[in-house]
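Here are a few notes to read alongside the structure. Take them one at a time and find each spot as you go.

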Amino acid sequence: MKKIKTLLIAALALFTATTAMAQEETRSYPYGFIGLQGGGQAIMNGYSFGDVITGTGSVYGGVMFTPVLGTRLHLNGWNSKEGVKIDGTEYGTYGFNYGTATVDMLVNLVSAINHRDDNAVDLYLIGGLGVNKVWGNDYKDLGVYPTQQLASKVHNHVAHACRLGLAADFNLAPAWALNLEVDANHFGNHDYAHLVNASKDWQLTAQLGVKYRFGQCKPAPVPVPVPEPVQPKEEPKQEVATAPAPAPAPAPVVVEEVKPCIENVFFLINRYDIRPSEMVKVNNAIAYLNKYPSAKIEITGYADKNTGNATINERLSKQRVNAVYDVLISRGIAASRIIKDYKGDTVQPFPNDEANYEKNRCVICVAE
C-alpha cells in the first residue's frame with residue numbers, strides 16, 4: 001500500500017503543473033476515443049514484490065460527455081504470477097493467465113478545477129467495476145495445496161474486479177495524446193494462499209499508451225495574404241517657359257465621407273474554422289482598418305438556434321468570434337481597436353426562417 005500511495009502522490013504533483021501548460025485548442029462534446037496501453041503489473045498479497053512482476057496490456061474505448069465526465073470499457077490482461085507464503089515461509093511462485101473487463105467512470109480533475117478543456121495535460125480519476133477470469137495455472141508444481149479438488153475450485157472461476165486509479169493524458173494534438181495510467185485493482189479470491197493467509201488479491205498496474213479522439217482534428221485557420229497595392233510611378237514633368245497664369249481661384253475643400261465597413265463571415269454547422277471564401281471578407285475589414293488608422297472594429301459571434309442547444313451554441317459563437325479575433329491580431333491590428341462579443345443563439349441577426357436561418361452561423365464585423 002505504501003507504493004500505491006507514493007504513485008498517487010506523484011500523479012497529483014503532475015496535476016498541479018498542468019495549469020501552466022494550456023494549449024490554444026478546444027474540443028467538441030460529446031466525443032469518442034480509443035487507446036492502447038502496455039506496462040507491468042504485480043499481485044500484492046504479501047509475497048516478495050520483485051518476484052511477482054510481469055508484463056500486461058490493455059485496450060479501451062469510451063465517450064467523454066462533457067469536459068469533466070466520461071466513461072469507458074477497459075480490457076486488461078496477459079499473464080501474472082502469484083506467490084504462496086504460509087506462516088512466513090515463501091514456497092515459490094506460479095504463473096497463470098488472466099483477463100479483466102471493467103466499465104469505468106472518468107472524472108477530469110483539471111477541467112473540474114479550472115473550467116477549461118484546452119489543457120496541455122489532463123488528469124483523470126478512474127473508478128470501475130467488472131469481472132476477472134484466471135486460467136492456465138501451473139500451481140501444481142508447488143505441492144502445497146491440500147487437495148487437487150480444492151486447488152481446481154479456487155483457481156478456475158470468474159470473480160469480481162474493482163478499479164481505482166489515475167491517468168494522465170499528455171495532449172500532443174487535438175486528436176492525439178500520450179497516456180500514463182496507474183491503477184489499484186481488487187479481485188475475488190482465486191488463490192489457495194488466501195485461504196491460508198486470509199489476505200486479499202490486490203493488483204497494481206502501471207502502463208504507458210496512446211489515445212486517439214474521434215472528430216477532434218480541426219485545421220487551424222490559414223490567413224490569406226493580401227497583396228499591397230502597387231503605386232504607379234510618376235514621370236518627371238518637363239518645364240515649359242510660359243507666361244505667368246492668373247492665380248486660380250481657391251479650390252473648394254472636399255470632405256471625404258467615410259462609410260463604415262460591414263462584413264458578415266459565415267460558418268458551416270458545428271464549425272468555427274474560417275473558409276477561404278469567408279477569409280476574403282476578413283481581409284476586406286483589415287484593409288479598411290489599415291486605411292483608417294483611427295477606426296475601430298466590433299466583431300460579434302452568433303449561432304443558429306435551429307440546431308444544437310443553448311450550451312453548445314454559446315460555445316460555438318465564442319469560438320467563431322475568437323477565430324476572427326486571432327486573424328486580426330496576427331495581421332497587426334491592435335487589440336485596443338477590437339471590440340468582441342458573442343451571443344450564442346439568444347440573438348438571431350437574420351430572419352429565423354428556412355431561407356435564412358443558416359446565415360445565423362456567423363460573425364458580423366462592423367468597422368468605422
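1. Start with Glu354, which sits in the loop between strand E11 (338-342) and strand E12 (362-367); strands here are DSSP runs of E, at least two residues long, numbered from the N terminus. Glu354 is exposed, at 73% relative accessible area (exposed means over 50%, with a 1.4 Å probe and protein chains only). Its C-alpha atom is 9.7 Å from that of Asn306, 48 residues away along the chain.

2. A word on the source: this is a predicted model, where local features need pLDDT of at least 70, side-chain atom pairs count only at pLDDT 80 or more, and totals for chains, interfaces and linings use all residues. Residues are numbered from 1 along each chain as its sequence is written, and side-chain values use heavy atoms, leaving out hydrogens and water.

3. Now look at E5 (residues 121-135). Strand E4 (residues 89-108) pairs with E5 in the antiparallel sense over 12 bridges (pairing takes at least two DSSP bridges), and Asn108 has Tyr124 of E5 as its bridge partner. E5 also runs antiparallel to strand E6 (residues 158-171), joined by 13 bridges; there, Asn132 is partnered with Ala159 of E6.

4. What lines the largest cavity? Among the lining residues are Phe33, Arg72, Tyr124, Ile126 and Glu181, and E5 and strand E7 (176-187) each supply at least two of the lining residues. The space in this cavity is about 50 Å³.

Methods
Helices (H or I, at least four residues) and strands (E, at least two) are DSSP runs, numbered from the N terminus. On a 1 Å grid over the protein atoms alone, a cavity is a set of points where a 1.4 Å probe fits but cannot get out, and a pocket is an open set with protein on both sides within 12 Å along at least five of seven lines; lining residues have an atom within 4 Å of a point. Grid points are joined across faces, edges and corners, and a volume is the space filled by probe spheres set on the points. Buried means under 20% relative accessible area, exposed over 50%, partly exposed in between (1.4 Å probe, protein chains only).
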